Each structure stands twice: as C-alpha cells, then as structure tokens.
Amino acid sequence: MTCEACEKLITRAVEKAGASVKEISASKGFAVIGYDGDKSVIEAAIEKAGYSLDELPPSTPLEQQLSTFISDFIAGKPATKVLRTCFTYSIISFMLLAAISFAGFASSKYFIYVIYSAISAVAVGGAIALARAYKSHFNCMEGMMVGMTVGMSAGFLFGAIVGATNGMFVGSVFGMLLGMALGYYVGKACGIMGAMEGLMAGIMGGTMGAMLTVMMQFDHLGEFMPLFVLSNLLVLAGLKYMIYYYAGKRTEAKFMQPSSFFALALALLALTVAVILFAPHFASGLAY
Amino acid sequence: MARMSFKVKGMHCPSCEKLLQMDIGDIPGVKSVKADWKAGTVDVDGDKIDKAAVKKAIAGAGYKPE
C-alpha cells in the first residue's frame, strides 16, 4: 500500500468478500479486518486487488517482542541483517577508536572523556546510519521520534562530555549545535515536523547535558558519567530497535559501507576531541 | 459506442487508476474505462453515458475532474 487509493481498493476488496475493514493505514502498511467465515476468501480478494499480505501475530507485550527479537538477532535471522551489520560495525569502530584514543590520550587528564566521546560517537553514528538507511520509509511519527532521540541523545552526551572538560558555556554551545545539526539531519526524513523535533531536542539535550556535568562536578560526577552514558546507549539501542520494528518490516534497506560508518564515528570523535583540547576552558573543578 | 475523455487531477499511482476504473465502470452504459495517472486522463467508452455521473464518480473517488 502506498496511498489513500490503495486503502480504498483494499477496503472495497474486503467488503466484496463479505468482511469489513476496522482500521487501515497505507503509511504503516497494515489493516485490521473483521470477518466471520473463511479467511482464505478475504486473503484471495486482497491478493486479487494487487496486494500481498502477511498476517500479524496477535498483539504481544513489548517484553515478549523484545525477547523474540533478541532470539532472532542472536540466531542471525535474515530479518535482523541490517541491525546486525550496524552492531558489528559499531563494535569494530569502537575498538579502532578506543585504540586511537589510547594511543593519543592515555596519559591525558581528558582520557576518560575521550573514551566517553568514542562510545558516544559510535552509538550516535550507528543511529544516524540506521536512520539514513530507512530515511525514505519513515512515517511522520517515526521520523519525529528518530529526530528527537538522535538530537536529544547527541546533545546530552556531547554536551555533558564537553561541559565536564571545558565548562558550561562551551559544553552548552557544542552540545546544542551538534544535537541540533544531527537531530535536523535525521528528522528531516519525514519533513518539517521531524526537522523541528530534531532541532528542539538538540537545544534541550545540549544545554541540559552541559548543565548536568557542571552542576555535578563536586558530587560524584565520576560515578555518574558511566551511568549517564549507559542510559543514553540504552535509549539509542531502543531507537535502533524501533527503526527495525517499524520501517525495517516495511522495506529492505541498504546499510552504509563499513568505511563510511567508521568515518562518521571518527568525525564525531575528532570534532569532540578538538573542542575539548582547543576550545576555551572556562571553569575549574574535578573534571577539568 | 461513444467515447468521452476527461482530464483528472490528483492521480499519482496505478492504484488511483484502478480505483477510478472500478468506480466509473459501475455507471450504467459504461463498457470500458482506461485511466492513465501519468497523463492525468480517463477515457470512458460506452453507450448513453451520463457525463455528470462520470464526473460525480471521479469526484467521489477523491479526484478532480476538469
């Protein structure tokens, strides 16, 4: 189904077969059909109208969906191919970025923040790459969610890291601009609503991330940062699952080349490290 | 058998063609309907076709007849 005409054609085919359409959405690619009698007659009518159909299982709780997904992911089922590619590239890219960080910054006082930057670069880069692969297949709600999550998480992570190393002003400006740029880039896939959502999330995440680490500098920032980074990773992992669950079931996508993926993560890391090293350091505290 | 041709705005895919062909095909006297979404045209063949009924069917399907 691609449009309203498809919805009408299927509705008519179903009604001619003696059933009724309770709900139908071309953008989501599903229809809820009420029927008494022979299901195969309805299926044949829909196929005769020029559409193929897969029956969805009865609505399952999210925990069960996730459990099934994890089993499929581990078993390497074809449906999870794009996500597995993203995961593999992420692990390899992180190992390379960690090695580069270790070689260049092992003795630096900023080392741990460079590592946080590498983790963030890979996690955010993975979300961007996945969103890019499915960019033509998001409906409005999905596009808004993608723009918001990427903008907010990127702003939070990079704002918090630079806030901790350079102070609130530089952290806020960097986190906000990066969050807005990335949120806009992925959100625009679904038009102005997604782009706006990405921009607003970037402002919020960037400024709040920097504020958070500056305010916590004398109160267990060192213990908080791993939890904070992990929490954002969890949210980004959820986003990747969401993309797989919705857009991934509607279409097949081509993931970017490994070299492009690594270049994206490396660019995010290099940009952050350059800001940490060369931007002004306006405050003093545990992290500076 | 007479032929009527209509310019139709709003068609954008083969589903639009099918929908119009189905709706116009139900009008009494219509023998065949050929919609072309790329050209934005609908050709109707038949006897004693009510032009207003065809336009009404096009509008009813969500398109704009000219």
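I count two strands as paired if DSSP finds at least two bridges between them. The model I am reading is predicted.

**Entry 1: strand pairs.** I began with strand 2 of chain B. Strand 2 and strand 3 of chain B pair in the antiparallel sense, over six bridges. I looked up one position there: S32(B) has D45(B), in strand 3 of chain B, as its bridge partner.

Next I took strand 1 of chain B, residues 2–9. Six bridges link strand 1 to strand 3 (residues 41–46) of chain B, again antiparallel. Within strand 3 of chain B, G46(B) stands opposite A2(B).

Then I checked strand 4 of chain B, residues 64–65. Strand 4 and strand 1 of chain B run antiparallel and are joined by two bridges. K9(B) has K64(B), in strand 4 of chain B, as its bridge partner.

**Entry 2: the sheet.** What is the order of the four strands in the open sheet of chain B? I read 2-3-1-4, with antiparallel pairing. Strand 2 (30–36) and strand 4 of chain B are the edge strands, because each pairs on one side only.

Entry 3: From the N terminus, I read the elements of chain B as β-α-β-β-α-β. That comes to two helices and four strands. Helix 1 (residues 14–25) of chain B lies across strand 2 and strand 3 of chain B. I find helix 1 of chain B running at about 160° to strand 2 of chain B. Helix 2 (residues 51–60) of chain B lies across strand 1, strand 3 and strand 4 of chain B. Its angle to strand 1 of chain B is about 30°.

**Entry 4: chain B totals.** Chain B has 66 residues, and 33% of them count as buried. I took its contacts with a separation of 6 or more: 61% are between residues 24 or more positions apart.

**Entry 5: between the chains.** I find eight residues of chain A in contact with eight residues of chain B. The chain A side of this contact has four nonpolar, one polar and three charged residues.

**Entry 6: one glycine in chain A.** I looked up G238(A), in helix 9 (residues 221–245) of chain A. Is G238(A) buried or exposed? G238(A) is exposed, because 12 other C-beta atoms lie within 10 Å, and exposed means 12 or fewer. I also checked G238(A) against L66(A), 172 residues apart along the chain. Their C-alpha atoms are separated by 9.9 Å.

How values were computed:
Residues numbered from 1 in each chain as written. Chains lettered and ligands numbered in written order. Predicted model: local features only at pLDDT ≥ 70, side-chain atom pairs only at ≥ 80, totals over all residues. Contact = placed C-beta atoms within 7 Å. Nonpolar A, V, L, I, M, F, W, Y, C, P; charged D, E, K, R; others polar. Buried ≥ 20, exposed ≤ 12 C-beta atoms within 10 Å, placed from the backbone. Axes fitted to C-alpha atoms, helices over the stretch in contact; angles between N-to-C directions.
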